[in-house]
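Morning, everyone. Let me put the model up, and then we go through strands and salt bridges.

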Amino acid sequence: MKKSLLLALLGLSTVPALAQAPQAAPQQQAASGMAVPRGNATIVGIVQDADTKKPVEFATVALISLATGKPIDGAMADDKGRFTISKVGVGKYRLQVSFLGYQQKLVEDVMVTSDNASVNVGAVSIASDAKKLSEVVITGEKPLVEEKIDRTVYNAEKDITNSGGNAADVLQKVPALSLDTDGNVQLRGSSNVRVLINNKPSAIMAGSVADALKQIPADQIKSVEVITSPSAKYDAEGTAGIINIITKKDGGLQGVTGSVAATAGTRNSNANASLNIRRGKLGINGTFGGNMFYNHGNMSNTILAGNTTSFQYGKTRINGSFMNALIGFDYDLTPKNNISGSIRTNGGTFRMENDQEVNSREGNTLIQDFRNEIRNRNERIGTDYNLDYTRTFKKPGQELALLSLYSVTNTDNDIRQDYLNESENPYLLKRNLNEGANKELTFQADYTHPFANKTMLELGAKSIFRDVESDALYRDILSSGNETRRTDAFFYEQDVYATYMTYGFMLKKKLNVKMGGRYEYTDINADLQGDNDYALNYDNFIPSVALSYNLKQKHTFRANFTQRIQRPSLFYLNPYVQEQTSNTRVQGNPNLDAELTDLFELGYSTFFKTTSLSVTGYMRQTDNAIETVATIERETDTNGLPVDVTTLTFDNIAKNKTYGVSLFGNTKPTNNWTIGGSSNIYYVDLNGKYASNSGWMYNINANSSYTFGKGISAQFNGGFNSRRIQLLGEFAAFSYHTIAIKKDLFDKRGGISLGLDNPFRESMRMRNDVRVEESPTNPRAYTQQIRINNFNRGVRVSFNYNFGKMEQQRPPKRKKSIRNDDAKQGDSNGMN
């Protein structure tokens, strides 16, 4: 705790030096050639969306002299829509407010009557750009995808194909994101991402992200933000970036509002409800929901090692049931002091049943032939508690936030395998049980201070205290009644202390510059069963630079550089051995080090009429990359027969270089029809100690919506993911498509929709191949061929209804929140 306090003081000590730095005011010339008089007056205001009343981040505000008709100064709104123009002289002015995708807005008759005046123009509402067709004015509504200065925003609530699905269904439609066949999310081809919920880390994400995404109903998701180059104010989070899932709630409305939704389908069903109450200074909001999913398929697994062939074939049934609940509050102690808090819990059970036929041959000789009935059950319950305090000051943009978060996740993994010969009782029962817990306590302080001439300072400090526990029990029960038992215990303690500072300013009124640095100190202690205790500590300095240039309010150019550190999470560290099948095991490595990444980006975006386009080139290099390591060993089973067993684990053995281009486009050919799409094309070069692999990959997503009138609309979404290169081989390509039609009801307060998943394909067949060469860590080379047939056609019917009355809207407050972004998270299938 002393280290955390020291780092905070180091960060805060930089304020006086920056505050005293000289800041030259730009000298503007009027058309007459005479200098425009400068003064000490200030003009402030807030830019907001005319429809949603939400702040418009980074809008451009120009100050125009009525005497000359020329702009003499300007400002850019901050991330809350607030702007300040300083050193204004006495006179008459107008403001010209503009932003990409919005109509230009003029604020007339801005009067500065004295040299020290502070003029507040209040909220300036700007409307989305519009297009005229045959005398019909089509006012823009919030698009499905928005490109902002530091992130891409996918407005999930605008996509009716999401109704009745879960978060995994939503994320696969987001530009730059893709999901593999097991539901593991990737950002620009990398699975090293951090998933947040409402800007906060969540206990639900502490284990397998793929499993966690199935627990969140799509109907509760408002939008998804993708941040590919986080600034220094974020945790030094990892290779690819941050995915922030924003759920639906509205704390700015007076009165009582709420919603209910339900879905019934052939692959999943769910129901959820929300309620928001605000009276005066106090607001309370709550959500509750539950969902179930069910699916089936079949797969085969062939392992070729020398002259030995092992073959598995079986049918798979998957089902799960989950619940989620949240209750939160915020209270305005005074107009400038706010306190808020919430409790969020998620939990449920995931089950997989797999009945396999297993045989092995040595040349042409059959050495094994049996049935293996596998029952895998994962139970998880996670709870987040947070309490936050925010203090705003008289100066627009000046803010102090004190944040706290406690998260705890408990998981139980139970794998049961029954070994049977044909028409006999089981001759061997294997029972694998692991009880795990992940606890995090976080304290954070953030301070934002605006200066004159459109400069902004952000600094803060943070401490994270993590405790990870795992207790494993292994039982082998023979038909004779004899039993062998073995236990494993693992405790892992990781403390992270951090401080950061960012400084943003504008050059020539068009070039925005934001520089920052983050220092992190990591202290690790681990206690393995036996004498395998160890301690480790290290520190890192993480720089970041972001440049943005706006040309004619229609063209934006961006350049970013940052470094990242990615620490392994429980999934990669836990030494618990998951005996997933009779010859496949997955085991974590508690000795893993953190990954280090350099990330470069160059981007361009534009908007004209009803069309928006963006393109981003990027390069990232990860040293000390964590990759899957596979070994195959010859063991003897209970019948004294030889069997080849594959063990998958992880190690810091590779360097990963990725070069790519992301493209996004959206257009509206007519007032009723919208077309959009995105693609990510990239080249990966993987080099490890004992293996290497490289190749081109890509993923494409397309969507289209059409409004027929009378409250009827339809949407299509589809995508294709190419093969996925791995250090040890490649995963197969796959595709998906969904169609939905919706009818608005009750004056657009509700609606009913019909959705079809993959209607033109009964099942999806995939080929995954793994090649492992002989090396010092693996004495035997082998090839693994996996063939999967997943029956993913489905149909669902959804209903939703919104109720309540909005009596009055208070000014929106964008609250600070904790983001624990530093831990590399795991895939459900044990592969990176």
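Start at one residue pair. Tyr549 has Phe557 as its bridge partner in E29. Two terms, quickly. Strands are DSSP runs of E with at least two residues, helices are runs of H or I with at least four, and both are numbered from the N terminus. Two strands count as paired if DSSP finds at least two bridges between them.

Before going on, the ground rules. This is a predicted model, where local features need pLDDT of at least 70 and side-chain atom pairs count only at pLDDT 80 or more, while totals for chains, interfaces and linings use all residues. Residues are numbered from 1 along each chain as its sequence is written, and side-chain values use heavy atoms, with hydrogens and water left out.

Back to the hairpin of E28 and E29. Three residues sit between the strands, and Lys552 has a positive phi near 60°. Strand E27 (residues 511-528) and strand E28 (residues 534-551) are antiparallel, with 16 bridges between them. Within that pairing, Ala526 is opposite Tyr534 in E28.

Now step back along the chain. Strand E24 (residues 428-451) pairs with strand E25 (residues 455-478), antiparallel, over 24 bridges. Leu429 faces Ile477 of E25 across that pairing. What is the phi of Asn453 in the turn between E24 and E25? Positive, about 60°, in a hairpin with three residues between the strands.

E25 carries on to the next partner. Strand E26 (residues 483-507) runs antiparallel to E25, and 22 bridges join them. Ala472 has Asp488 in E26 as its bridge partner. The hairpin of E25 and E26 has four residues between the strands, and there Gly481 takes a positive phi near 100°.

Arg475 and Glu483 meet through their side chains, 2.7 Å from N to O. The term means a side-chain nitrogen of Lys or Arg within 4 Å of a carboxyl oxygen of Asp or Glu. For accessibility, buried is under 20% relative accessible area, exposed is over 50%, and partly exposed is in between, using a 1.4 Å probe and protein chains only. Arg475 is at 25% relative accessibility, so it counts as partly exposed. Glu483 has 35%, so partly exposed again.

How many salt bridges does the structure hold? The count is 25. On the general point, side chains of opposite charge can pair when their charged atoms come close.

Take Asp757. Its salt bridge with Arg267 has the closest N and O atoms 3.8 Å apart. This one links distant parts of the chain: Asp757 is in strand E41 (residues 750-757), and Arg267 is in the loop between strand E17 (253-265) and strand E18 (268-279), 490 residues apart. Is Asp757 buried or exposed? Buried, because its relative accessibility is 9%. Arg267 has 24%, so it counts as partly exposed.

Asp757 also forms a salt bridge with Arg796, where the closest N and O atoms are 2.6 Å apart. Arg796 lies in strand E44 (residues 794-809) and Asp757 in strand E41, so this pair ties together parts 39 residues apart in sequence. Arg796 and Asp757 are both buried. Elsewhere, salt bridges with shared partners join Arg317, Glu353, Asp355 and Arg375 into one network.

Four strands form an open antiparallel sheet in the order E3-E2-E5-E6. The edges are strand E3 (71-76) and strand E6 (105-112), each pairing on one side only. Neighbouring strands in this sheet are turned by 25° against each other on average, direction ignored. Strand E2 (residues 60-65) pairs with E3 over five bridges, antiparallel. There, Ala62 has Gly74 as its partner in E3.

Last stop, Phe720, in strand E37 (residues 712-721). Phe720 counts as partly exposed because its relative accessibility is 33%. Its C-alpha is 7.5 Å from that of Ala733, 13 residues apart along the chain. Which residues does Phe720 touch, not counting those up to four places away in sequence? Tyr698, Asn699, Ile700, Ala733, Phe734 and Ser735. Contact here means heavy atoms within 4.5 Å.

Technical notes. Axes fitted to C-alpha atoms, helices over the stretch in contact; angles between N-to-C directions.
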